Amino acid sequence: MNSAGPQTPQEAHVAALEEGRLTFQRCSDCGHAWLPARHECPACWSTNHDRQEASGRATVVSWVVFHVAFDPRFKDRVPYNVALVDLDEGPRMTTNIIEIPEGEDIVGRRVALCFQEDMGRKLPRFELT
Amino acid sequence: MGANSVIAGIGQTAFGKLPGRSTVSMNIEACGNALTDAGVEKDAVDGLLVKVPTSRVEMMYGQTLAEAMGLEPRFGGVFDQGGASNISMIALASMAIEAGQCDVVLVSLADNPKTGTRQAYEKSWGDAADFGWSSVVAGYALIARRYAHEFPGAFDLFREIAIACRAHGASNPEAQLKLPLDAGKYDNAAWVVEPLRRDDCCLISDAGAAVVVMSQRRARDLGVAAPVPVLGFGQGNSSSDVTLRHDLTQTRADVSAETAFHMAGLSPKDMDCAQIYDCFTITVAMTLESYGFGTRSELADLARSGGFLCDGALPLNTSGGLLSETGMPGLQLVLEGVRQMRGTSTSQVKDAKKCIVSNQGGIMHTHSTLILGQ
């Protein structure tokens, strides 16, 4: 958190996560909704936008399984997955799926938000529904 | 139609592990070899364009290199588009020459991730780092998974692409990896980031390469022995981070190729061979589709029938590509295109008269296309 100046959009996003709320921004002028946090709407460049809370319902776009830990913090966690999901409200985000059944293609599967305490913070993960 | 420029000379360093060599040193060696190949003196050079090294990004690198080369170029600097930079710089050189900004341009690339740092390829990505999101290979794996969901024959196509590139690398004495690949070895290799296996991934290399660009008239005046005409070029940049890209299996490679084909007045069927950026096998599959060489199924059929081999219908990466010759990001593909047009490749395509070359960068953020002729 930047105590010296006004909160940046990303700081506001992270602060909401710490309260257990997954939020995104929606443009007050054109209605576009997005993640990650930005100062300007990437569709129309407007600076008029609201922070809204996601319903937590989403669809899997793609996912991968790391068998190598490029980040040393994950060396005891391989294999682990990272997934892309589209929130029902529109924004796309990177996350983990809590459990993927062996051999299953989960592209297109519906998932639900499930916060987990990990990495010293509240992480917005998803589980298959 | 077409450009009035030629590639007058090509040069490279050894490929592999080159301890103790800076990127400046490798750039100078490659440029020196390119000038020797063109038969042109250093004093004739008045343009210098260089790709920013990935392993250690330095400000004003173009000027650092010019100083070390004892050059004060009229036209020069760095281009930062990842692997697409090389062809983009050749295009920029051609346009600058046409506009009277300079006459003889060196376009150069060198990097040393093998003895230096691989940080650029393995780093974690922003706020998603706490999910374990890191590395370049994982970005391509995300694309490959979606592609395989859409096209069940994906892995058969990926396997054939890897086998063809490795076969051509095995015939190239300069290649870093001269070990042919077969289906069994491909299928049994370890996952890196699933669904990509070891042999889907390019090499990590210390290497440098350079080309000399000038006008056709200048090449004639200087008595250049084997100039290769630049027929067309183009760019297309999807730009957004892979995790935000609207459609994971589409890029702007189609726009890049369309621009180059239009400029050259040619189409995919006119191409005798293709040097396609193969940082990962998925990249080749998507690029060939975007370029109009066939649907996913048609490409898989072509691959299965040996179409990507030197004597096939669409010879692919005839010096081994990034998968086998060197993992250097892209200029080696242009060098091989030049050799094919000169008839000097180690996997020479019979009567090759037109060659398409693709470069791309980041995780399919950027794309550039070059068409060479005779």
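Predicted model: local features only at pLDDT ≥ 70, side-chain atom pairs only at ≥ 80, totals over all residues.
Start with strand E10 of chain B, which covers residues 355-361. Seven of its seven residues are buried, and that goes for both faces: Cys355(B), Val357(B), Asn359(B) and Gly361(B) sit on one side, with Ile356(B), Ser358(B) and Gln360(B) on the other. E10(B) runs parallel to strand E9 (residues 273-275) of chain B, joined to it by three bridges; here Cys273(B) has Cys355(B) as its bridge partner. With strand E11 (residues 366-372) of chain B, the pairing is antiparallel and takes in seven bridges. Gly361(B) faces Thr366(B) in that pairing. Four residues lie between the two strands of this hairpin, and Gly362(B) has a positive phi near 65 degrees.

Now for the contact between the chains. Chain B brings 28 residues to it and chain A brings 33. Together they bury about 2600 Å², 59% of it on carbon and sulfur atoms. Asp130(B), Phe131(B) and Arg145(B) account for 29% of the area that chain B buries against chain A, more than any other three residues.

Polar links turn up here too: 14 residue pairs are in polar contact between the chains. Three salt bridges cross the interface, and in one salt bridge Arg121(A) meets Asp127(B) at 3.6 Å, N to O. On the side of chain B that touches chain A, helix H5 (136-150) and strand E5 (191-194) each supply at least two residues, and H5(B) gives the most, with seven. By class, that side has 14 nonpolar, seven polar and seven charged residues.

Strand pairing also links the chains: strand E4 (residues 57-66) of chain A runs antiparallel to E5(B), with two bridges. Phe66(A) is partnered with Val193(B) there.

Methods:
Residues numbered from 1 in each chain as written. Chains lettered and ligands numbered in written order. Heavy atoms only, no water. Buried < 20%, exposed > 50% of the residue type's maximum accessible area, 1.4 Å probe, protein only. Pairing = 2+ DSSP bridges. Contact = heavy atoms within 4.5 Å. Buried area = accessible area lost by both parts, 1.4 Å probe. Salt bridge = Lys/Arg side-chain N within 4 Å of Asp/Glu carboxyl O. Polar contact = N/O pair within 3.5 Å; in protein donor to acceptor, adjacent residues only side chain to side chain. Nonpolar A, V, L, I, M, F, W, Y, C, P; charged D, E, K, R; others polar.
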